[in-house]
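Dear colleague,

I am passing on the structure we spoke about, and below it you will find my notes. Please read them with the model open beside you.

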Amino acid sequence: MKYFNIFLVILMLLSGCKEAKTEAPAPAEVAEEPSFVLAGAPVSEGEIYRQSELDQVFADLQPGDSLNTRFEAEVAEVCQSKGCWMRVNLPNDETVMVRFKDYGFFVPKDISGKKVIVEGKAFISEVPEEERRHLAEDAGAADSVIAQIRGSEFQNGFEATGVRIFK
């Protein structure tokens, strides 16, 4: 009987050693690459003015006024020195000068033509001749163009806390 019990134990052990069935592992979750990159603080969700609506936003502002908002637009040009400012297009062949809060972040210099969403403060400001010339130089304008800049000018402005740049 003793040998019979040993035989049963061995038989049970052998039957438990059958080849285990394994399922193919599930394919790893492939994280989608984001369709945008961020510069500065994240842009919050909510109402976003479209490029076609921007002329009205700025038309309602007077020098000294400001409006906290978000809007979507196409980049017209970027500072080619550091990426420390950009101009975005309005629907009426005007642009908005976008600077970055506290000079705290920059954007890539090669994003002209790309869509962005910016969040921050919209305003109208008087830009002196010296600054206008400096900005034209940063944009890579020819000396002849810079020489033609005369006097101060009221311009649409925006101080961005964050920028979402679409790929």
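Glu-129 is partly exposed, at 29% relative accessibility, where partly exposed lies between buried (under 20% relative accessible area) and exposed (over 50%), with a 1.4 Å probe and protein chains only. The model is a predicted one, in which local features need pLDDT of at least 70 and side-chain atom pairs count only at pLDDT 80 or more, while totals for chains, interfaces and linings use all residues. Residues are numbered from 1 along each chain as its sequence is written, and side-chain values use heavy atoms, with hydrogens and water left out.

The side chain of Glu-129 meets that of Arg-133 in a salt bridge, at 3.2 Å from N to O; the term stands for a side-chain nitrogen of Lys or Arg within 4 Å of a carboxyl oxygen of Asp or Glu. Both residues lie in helix 3, four residues apart, or about one turn of the helix, and Arg-133 is likewise partly exposed, at 24%. Helices (H or I, at least four residues) and strands (E, at least two) are DSSP runs, numbered from the N terminus.

By the same rule, the count of salt bridges comes to eight. Another of them joins Glu-72 to Arg-50, with the closest N and O atoms 3.0 Å apart, and this pair links distant parts of the chain, since Glu-72 belongs to strand 2 (residues 66-78) and Arg-50 to the loop between strand 1 (36-40) and helix 2 (54-59), 22 residues apart. Glu-72 is buried, at 15% relative accessible area, whereas Arg-50 is partly exposed, at 40%. A further salt bridge, between Arg-70 and Glu-119, has its closest N and O atoms 3.1 Å apart; it connects strand 2 with strand 5 across 49 residues, and Arg-70 and Glu-119 are both buried.

Returning to helix 3 (residues 129-138), its buried residues are Arg-132, Leu-135, Ala-136 and Asp-138. They lie on the same side of the helix because they cover an arc of only 160° around the axis, taken from the directions from the helix axis to the C-beta atoms. The face turned away from that side carries the exposed residues Glu-130 and Glu-137. Just after the helix, Gly-140 takes a positive phi of about 90°.
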